[in-house]
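Visitor: I would like to learn how to read the main features of a model like this one, and I would be glad if you took them in turn.

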Amino acid sequence: MPNLSFVSPTRNSPWGTYLSQIDAVEPYLGKLARWVETLRRPKRALIVDIPIEMDNGTIAHFEGYRVQHSLTRGPGKGGVRYHPDVTLEEVMALSAWMTVKNAAVNLPYGGAKGGIRLDPKTLSMKELEKVTRRYTSEIGIIIGPQQDIPAPDVNTNGQIMAWMMDTYSMNVGATATGVVTGKPIPLGGSLGRVAATGRGVFVVGREAMRRLNVPMEGARIAVQGFGNVGSVAAKMFAANGAKIVAVQDHSGTIVNDKGMDMADLLAHVAQAGGVAGFKGADHASNESFWDVKSDVLIPAALEGQITAERAQRLQTRLVLEGANGPTTPDGDAVLADRGIVVVPDVIANAGGVTVSYFEWVQDFSSFFWTEDEINVRLDQILIGAFKGIWETHEKHRISLRTAAFTVACTRVLEAREERGLYP
Ligand code: NAD
C-alpha cells in the first residue's frame, strides 16, 4: 500500500493498520468521502537531529520526530514517546489516531504525535534533560499553545514536560504553560491528569460491560502493561468488584485465578520495577497470557500485540484497548468473526487527552478546578462519546472501531469542507 513515498507500511504495521481503518470507514462517510484522501496523508512531518554531549564527553546523535497529521479542527495535540523502536511511520500512525481520538470525543484539536528513537534507561538524568531540551528547541518551529501541544506518552512524564515547557518558554521569552500538558501541578498541571487515561479505560469499559450484560462484580480482568494506563485501570476495576487475574509487563507475566491485591502489586512494582517476583500470584510464560480466561482483556502496553494468531486463542468477551493500536487488522478480523467485542483505543484511552484539554483550558484562564470537577467532567464527556459511538455501531451494524471512526472522521471532514481548500 504505497500511498506516500517516505514510508513503506505493511498491512499490519502501524501506518498500514491506520490506512486499513480508513478504508473500513470510507463507505460510511457519504458525500464527505470526497475528502477522505486528506486523512491518508499527514499534514506535516518534521524529522530532527538531536546531538548532545554525553556524560563521558562523547557526542551522541538521536533521531526525533513531530508529526502533525491534521490541524483542521484545531491545534495539534498528542504525546511524545521515547523508545528504541520509534520510527517516522509509527509516529505518523500515532498522530493520525490522535486526530480520530480528539474528534471522537469532540475536543477542539487536530492530531499530532512526537517521538525520539532512544532507550531512556541507558541515559543519565542529565543526558535525558539535554536530549529533551534540544528536541524541544528543534521542534519549536512548529509547536506552541495555539499550534501544537505535546504531552507524555510511553517513557515520558511530568519531569520531561517541565523541561519542554521551560525550554520553549526560554526560546519565546515568556512563561508559556499552555505549550505542553501533563505538567507537574505547580507548573500549571491539572489535578487528575496522571490517572486520567486509566480512569477513562475503566469508565468506558464499565459502559461497554453494561451494554453487553457483563456484571462488574467478580468480572475477570487480564491486563498487559502495568504502567500509567494499565495500573490505574486495573486498580479501578479491582476497587469496583472485578478480579485482576493476569498481568503482564516487560518483566514477565503473573496469574492468580482468585484475583490479585492491587495495593500489594503496586507496592511491589514501585520497588522492583516490574511485576516479576510478585508473591501474590503465580508466574507464567509470556505467551500463555493470551490463553488466560477473562471477561475483559486490556492491552495497555504497545501496538501490534493482538495478532491473528493470538486473537484465535483469546478466551475473553471484551477487548478494551488501553494502548494505541494494540490490535492488528488481521487480529481485528478474527475477533469480529469470533464475536469478541473490541472497544477501540480512540475512545477507550481518550481520558488522558480529555484531561490534557482541561489542563490547557485551565492554563489559559489561570483558574484551576478541583479534582472532583475534573473527574465529573471527564466521565460526562467519555460516557456521552461512548453512547454516540454505540448508537452508530447499532444503526449501521458495524464494529465499534468503524463506528468511532465514522463519528470522528465525519467531524474532521465536515470541518475540512466548511473551511475549504486554501488558496
Ligand atoms: P508506561 O511507560 O507507563 O507503561 C508501559 C507498560 O508496558 C509498562 O508496564 C511496561 O512494562 C509494559 N511493557 C513494555 N513493553 C512490553 C512488552 N513487550 N510486553 C508487555 N508489557 C510491556 O506507558 P503508558 O503511559 O501506560 O502507555 C501505555 C500505552 O497506552 C501506550 O500505547 C500509550 O500510547 C497508550 N496511551 C497512554 C496515554 C497516557 O496518558 N499515558 C494516553 C493514551 C494512550
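Guide: Let us begin with terms: helices (H or I, at least four residues) and strands (E, at least two) are DSSP runs, numbered from the N terminus, and two strands pair if DSSP finds at least two bridges between them. This is a predicted model, in which local features need pLDDT of at least 70 and side-chain atom pairs count only at pLDDT 80 or more, while totals for chains, interfaces and linings use all residues. Residues are numbered from 1 along each chain as its sequence is written, and side-chain values use heavy atoms, with hydrogens and water left out.

Visitor: In what order do the 5 strands of the open sheet lie?

Guide: Strands of a sheet pair through backbone hydrogen bonds, either parallel or antiparallel. Here the order is S1-S2-S4-S3-S5, with mixed pairing, and the edge strands, which pair on one side only, are S1 (44-53) and S5 (148-152). Direction ignored, neighbouring strands of this sheet are turned by 20 degrees against each other on average, where axes are lines fitted to C-alpha atoms, for helices over the stretch in contact, and angles run from 0 to 180 degrees between N-to-C directions. Within the sheet, S3 (residues 76-83) and S4 (residues 111-117) run parallel and are joined by 4 bridges, and His83 has Arg117 in S4 as its bridge partner.

Visitor: Which strands stand at the edges of the open sheet of 7 strands?

Guide: That sheet has the order S9-S8-S7-S6-S10-S11-S12, again with mixed pairing. Strand S9 (282-284) and strand S12 (341-343) each have a single partner strand, so one side of each is left without a neighbour in the sheet. Inside it, S10 (residues 296-299) runs parallel to S11 (residues 318-320), with 2 bridges between them, and Leu297 stands opposite Val319 in S11.

Visitor: How many residues surround the ligand, and why does it lie between the two domains?

Guide: A residue is near a molecule or strand if one of its heavy atoms lies within 4 Å of it. In this model 22 residues surround the ligand, the closest being Asp153, Thr197, Phe226, His250 and Asn324. Because domain 1 (42-174) and domain 2 (195-348) both give residues to this shell, the ligand lies between them, the domain bounds coming from an automatic or database domain assignment.

Visitor: Which atoms lie 3.0 Å and 2.8 Å from an oxygen atom of the ligand?

Guide: A backbone N or O atom of Ala301 lies 3.0 Å from a ligand oxygen atom, and for a polar side-chain atom of Asn324 the distance to an oxygen atom of the ligand is 2.8 Å. The protein covers 81% of the 830 Å² of accessible area that the ligand has on its own, with areas from the Shrake-Rupley method and a 1.4 Å probe.

Definitions and conventions: Polar contact = N/O pair within 3.5 Å; in protein donor to acceptor, adjacent residues only side chain to side chain.
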